[in-house]
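Subject: Structure handover

Hello,

Here is the structure I said I would pass on. My notes on what was found in it follow below.

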Amino acid sequence: MKLEGIEVAFDSQVVLKNISVEIPRGEVFVLMGPSGQGKTTLLKTMAGLITPRNGKVFIDGKDWLTLDGDARFETLKKLGMLFQKNALFDSLTCGENIAFPLRETTDLNQDEINTKVDAFLEAVGISHAKLLYPDEISGGMQKRLGIARALALNPEIIFYDDPTAGLDPITSRRIVELILDLQKKNGSTVVAITNDVNRAYQMAHRIAMVVNQELVITGTPEQTRNHPDPRVQQFMKGLLKGPLTEHSP
Ligand SMILES: Nc1ncnc2c1ncn2[C@@H]1O[C@H](COP(=O)(O)OP(=O)(O)O)[C@@H](O)[C@H]1O
Ligand SMILES: [Mg+2]
């Protein structure tokens, strides 16, 4: 995936300016940065959910935001997303939540879908929750379900918006282990937002920070730790001092 000169504005508020970055296949790319600076906006722009005022997003070499009809749908199927608030279907069981995208976008029959649903539930460790509803399971299990649903169509690129938000440290570490396991199995590209330094270092090949409408690519965890940009240092120090939890919409 490649971004070229991305600029996003809401009315007169410019949120992102001239952002260019190439994220090679199989990379785990982590976005950090203060709340309200545009991390979610950038992720949604990559995923085609927000139209930038300027710039291009290339997926498999195609300027995908300009595609329409079948061509757009073909690219859309290569993408999976875990939203900040999971965006699960509350009126569907956990199993049905995973079945939904399969039913909508594939030719699989009911038996085949059921087999896949079981496999995904098992892969994220919540087989026992198949017939339960999302509000009957814990926050950590809801994240697992969101991940399973994001992966249901075997996407090439998966976007995770703050996958460990609100989870305790042990559950957070397990969720990131799961993300990495699944990433290695499929060789998929991962773009993930987190402000948990430990989780960022655990998962990232490269880290970047959204700050002042810019994307500062700080590099590997090691390079990020020793990054010369004072904004990066200040932000990382602040995170290490105390837990910074996000309450942004
Ligand atoms: N759909 C929208 N309409 C108007 N403003 C928005 C919208 N989405 C985000 N914003 C604004 O863009 C800025 C960046 O938001 P966001 O990307 O959610 O930040 P982050 O994920 O880094 O916390 C904020 O000022 C937010 O209020
Ligand atoms: Mg956000």
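H3 and H4 are oblique to each other, a class for angles that are not under 35 degrees (roughly parallel), over 145 (roughly antiparallel) or 65 to 115 (roughly perpendicular). They pack at an angle of about 125 degrees, with their axes 9 Å apart. Axes are lines fitted to C-alpha atoms, for helices over the stretch in contact, and angles run from 0 to 180 degrees between N-to-C directions. Helices here are DSSP runs (H or I, at least four residues), numbered from the N terminus.

Before going further: this is a predicted model, in which local features need pLDDT of at least 70 and side-chain atom pairs count only at pLDDT 80 or more, while totals for chains, interfaces and linings use all residues. Residues are numbered from 1 along each chain as its sequence is written, and chains are lettered from A and ligands numbered from 1 in the order in which they are written.

On the H3 side, Cys94, Gly95, Ile98, Ala99, Leu102 and Arg103 make the contact, and on the H4 side Ile113, Lys116, Val117, Phe120 and Leu121 do. Contact means C-beta atoms, placed from the backbone, within 7 Å. By class, this contact has eight nonpolar, one polar and two charged residues. Nonpolar covers Ala, Val, Leu, Ile, Met, Phe, Trp, Tyr, Cys and Pro; charged covers Asp, Glu, Lys and Arg; the others, Gly among them, are polar.

Which residues of H3 (residues 94-105) are buried? They are Cys94, Gly95, Asn97, Ile98 and Ala99. A residue is buried with 20 or more other C-beta atoms within 10 Å of its own, exposed with 12 or fewer, and partly exposed in between. The cover over these H3 residues includes H4 (110-123) and H5.

H5 (residues 139-151) also packs with H6 (residues 169-186), at an angle of about 15 degrees and with axes 10 Å apart. That makes H5 roughly parallel to H6. Gly140, Lys143, Arg144, Ile147 and Leu151 of H5 meet Thr171, Ile175, Leu178, Ile179 and Leu182 of H6. Six nonpolar, two polar and two charged residues make up this contact.

Ala148 touches Ile98, Phe120, Leu121, Ala123 and Val124, leaving aside residues up to four places away in sequence.

Lastly, Arg225 lies in H8 (residues 221-225). Arg225 is partly exposed, because 15 other C-beta atoms are within 10 Å. Arg225 and Leu49 are 176 residues apart in sequence and 32 Å apart in space, C-alpha to C-alpha.

Regards

How values were computed
Two residues are in contact if their C-beta atoms, placed from the backbone, lie within 7 Å. Helices (H or I, at least four residues) and strands (E, at least two) are DSSP runs, numbered from the N terminus.
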